[in-house]
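Here is a short tour to follow with the model open beside you. Please keep the sequence at hand as you read.

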Amino acid sequence: MKDNVNHPEHYTNGSIECIEAMKAMMEGSSVSPFIGDLWGNVFKYVWRWDKKGVPLEQLQKARFYLNKMISELEK
């Protein structure tokens, strides 16, 4: 049975869910909440790029957030 709210298929690879991988990736990080949000968005769009919507569009969204993250860190 599909659960598009709690366990969407495009956020699960095998037995690993994106949110759990993201949590592990960010654990112990000292980045600001805003940078963490940008980082999380980059991660989720790369995670699901070939599983949801138009693949190229998902990568373009990841690039948007990555470019914003880089701009913020360059300040």
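This is a predicted model: local features need pLDDT of at least 70, side-chain atom pairs count only at pLDDT 80 or more; totals for chains, interfaces and linings use all residues.

Residues are numbered from 1 along each chain as its sequence is written, and side-chain values use heavy atoms, with hydrogens and water left out.

Let's start with helix H3, residues 55-74. Helices here are DSSP runs (H or I, at least four residues), numbered from the N terminus. The 20 residues of H3 should span 28 Å at 1.5 Å a residue, and the end C-alpha atoms lie 29 Å apart, which agrees. The expected span is 1.5 Å times one less than the number of residues.

Buried means under 20% relative accessible area, exposed over 50%, and partly exposed in between (1.4 Å probe, protein chains only).

| Side of H3 | Residues |
|---|---|
| Buried | Gln-58, Ala-62, Met-69 |
| Exposed, on the other side | Leu-56, Phe-64, Glu-74 |

The buried residues of H3 fall within an arc of 35° seen down its axis, so they line one face of the helix. That arc is taken from the directions from the helix axis to the C-beta atoms. These buried residues pack against H2.

Gln-58 is buried, at 2% relative accessible area. Beyond its neighbours within four places in sequence, Gln-58 is in contact (heavy atoms within 4.5 Å) with Tyr-45, Arg-48, Trp-49, Lys-52 and Gly-53.

Val-46 sits in helix H2, residues 33-48, and is partly exposed at 42% relative accessibility.

Methods
Helices (H or I, at least four residues) and strands (E, at least two) are DSSP runs, numbered from the N terminus.
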